[in-house]
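These are my notebook entries on a structure that I had not looked at before. I wrote down what I looked up, one topic at a time.

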Amino acid sequence: MLKLVLKGGSRPPWVGLAAAVWVQIASASSYNFSLYSHFLKSVLGLNQQQLTILGVANDIGESVGLLPGLACNIFPPWALVLVGSVCCFVGYGAIWLAVSRTLPSMPYWLLFLTHCIATNSNAWFATAVLVTNMRNFPLSRGTVAGILKGYAGLGAAVYTVIYSLVFRKSASDLLLFLAIGIPIFCIALMYFVRPCTPAASEDPFERGHFLFTQAACVSLAVFLVSTTILYAKTTPSDAVAYLLVAIMVVLLMSPLAIPIKMTISSTKTKKLEPRVESAEALASGESDSSSEIEPLLTPSSSSTNLKSFYENDDDGSDAETLLALGEGAIHKEKRKPKRGEDFNFHEAVIKADFWLLWFSYFLGVGPGITILNNLSQIGISLGVNDSTLLLALFSLCNFIGRLGSGVISEHFVRSRMIPRSLWMMFALILMAIAFLLYASGLTGTLYIATGFTGISFGVLYSMMIPMASEIFGLKNFGVILNFMLLGNPIGAALFSVFLASTLYDIEAAKQGSITCIGQQCFRITFFVLSGVAGFGSILSLILTIRLRPVYRMLYSSGSFRLPLSTVY
């Protein structure tokens, strides 16, 4: 009979989740490109295509995370955060030297490389906190992914508030803060991002804790939008500005209330459920033989169903097979994993579901990044010269999409066993509609379309992450996740550089300027992107149909249960 090895006591995972919130905000630094891109363009004399290529470098650095994906199975999370801090310091420091004219003649290729290095810090930060917390809360993957990616979506609004109220819209000061402030901050927090032993069954208090964290996240979002609108309408004094920033910091610290409450509460007399060893420790083979118990766990109904779902009929006798194995007549082969079990990367990449998920994500996130990278120019072309409000709106709706889809999908996946890819399909349809609104060229529809795009963008991020872990397991989740994220730079290169910026520069040349004004600047681009998103929705529908029986097995008991093969 299998034995379960329990790892000795460790801090509650809520401390790590609270620290992860701050690191996720830090990992949103790539969203700042829209804040300093116009300054970069004017100081260095770049054309739109050159600027867009730097935006792609932004996306390449952020999304090429195969190395941190591999490292998360070898090194502790704090090591990944430390590497990310170094990348942040080197990359943004070099960009600041260029725009401040401290280095007056930085070659364009070096500027491209520094953007890649700067935003590659985000891949290290995000991989460290996301993989660690998904393993710490394996039974609430959709909720955890929604919360962390929700805070990451709010990162743009957090940086916008800092940019507006603290730095008074100084792009140079913002870049200096990214180069020095963010690394110091993340290094101070890296010790608290650590693997903990996850619960073997659902904690009765866990739902309340998640609801509190989600409420804190929503409160922060409302505050950030209100502050951004206030600044757009008035110019607050320094005292008011710093007070607003202080309130923002307090709201960011609110998830710490959960571990503080757990520390000072006297209600710890209740015995905790047995805890299975963290997936990270299991993957590395670490154990404490003094704390093993037998038998393992009574398999949940979903685990049993999943096992029976994948069992193949054997015509031969089990006794004959065992005798043949013992005599060496046949060789035992390792059974290939099935959907819902742990895959190696090379096993996952040959599956149709892997590529359906990748293309569904790519065909939505690529157009979304195109809008984000060109948001300032889109606004200027339609008569909105200040993109601050547009970026804050995108950030808020991105947050709503990430957090909301995590909550909604978690409800329906537990109650109706509906695959999360269905919500990706709805998001892609909404994104296709948004691009048609952009193409209309009206100022009013500009804000509506930006909101729709932000929501869709957030849903795609938030759904892809738990889906990758549910279909292909947590053991090699870091590598599989970061391969999925390659859709970001590839989409940015195809749709932003080769499509949007090329057509923009053609229209600008017709006007005899490097700045294009009018609906025609991006109209063809919007029509093409609408078709791309529409095609992506079809792929998501196909994926939903394919995954429905798998989700029925995984969630047949109303809650996710690890398949038997995930217990090593």
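**An aromatic pair and its surroundings**

I began with Y504, which counts as buried because its relative accessibility is 1%, and I kept in mind that the model I was reading is a predicted one. I then looked up F522, which is buried as well, with a relative accessible area of 3%.

My next step was the list of aromatic pairs, of which the structure holds 30.

**Helix α9 and its partners**

Which residues of α7 and α9 meet? I first recorded that helix α7 (residues 141-166) packs against α9 at an angle of about 25 degrees, with the axes 10 Å apart, and that the two are therefore roughly parallel to each other. The crossing in which α7 passes α9 is left-handed. On the α7 side I listed T143, V144, I147, G150, Y151, L154, A157, V158, V161, S164 and L165, and these meet F210, T213, Q214, A216, C217, L220, A221, L224, T227, T228 and Y231 in α9. Sorted by class, this contact has 15 nonpolar residues, seven polar ones and no charged ones.

I then turned to helix α18 (residues 388-415), whose axis comes within 10 Å of that of helix α9 (residues 206-233) and crosses it at roughly 165 degrees. The crossing of α9 and α18 is left-handed. In this contact α9 contributes Q214, C217, V218, A221, V225, T228 and I229, and α18 contributes T388, L389, A392, L396, F399, L403 and V407. I counted these by class as 11 nonpolar, three polar and no charged residues.

**A loop serine**

Is S30 buried or exposed? I located S30 in the loop between α1 (13-26) and α2 (33-44), and at 6% relative accessibility S30 counts as buried. Leaving aside residues up to four places away in sequence, I found that S30 touches N58, E62, Y92, T119 and N122.

Key. Residues are numbered from 1 along each chain as its sequence is written. This is a predicted model: local features need pLDDT of at least 70, side-chain atom pairs count only at pLDDT 80 or more; totals for chains, interfaces and linings use all residues. Side-chain values use heavy atoms; hydrogens and water are left out. Axes are lines fitted to C-alpha atoms, for helices over the stretch in contact, and angles run from 0 to 180 degrees between N-to-C directions. Helices (H or I, at least four residues) and strands (E, at least two) are DSSP runs, numbered from the N terminus. A crossing is left-handed if the near helix is turned anticlockwise from the far one by less than a right angle, and right-handed if clockwise. Contact means heavy atoms within 4.5 Å. Ala, Val, Leu, Ile, Met, Phe, Trp, Tyr, Cys and Pro count as nonpolar, Asp, Glu, Lys and Arg as charged, and the others, Gly among them, as polar. Rings of Phe, Tyr and Trp (its six-membered ring) pair if their centres lie within 6.5 Å; planes under 30 degrees apart count as stacked, over 60 as edge-to-face and the rest as tilted. Buried means under 20% relative accessible area, exposed over 50%, partly exposed in between (1.4 Å probe, protein chains only). Angles under 35 degrees count as roughly parallel, over 145 as roughly antiparallel, 65 to 115 as roughly perpendicular and the rest as oblique.
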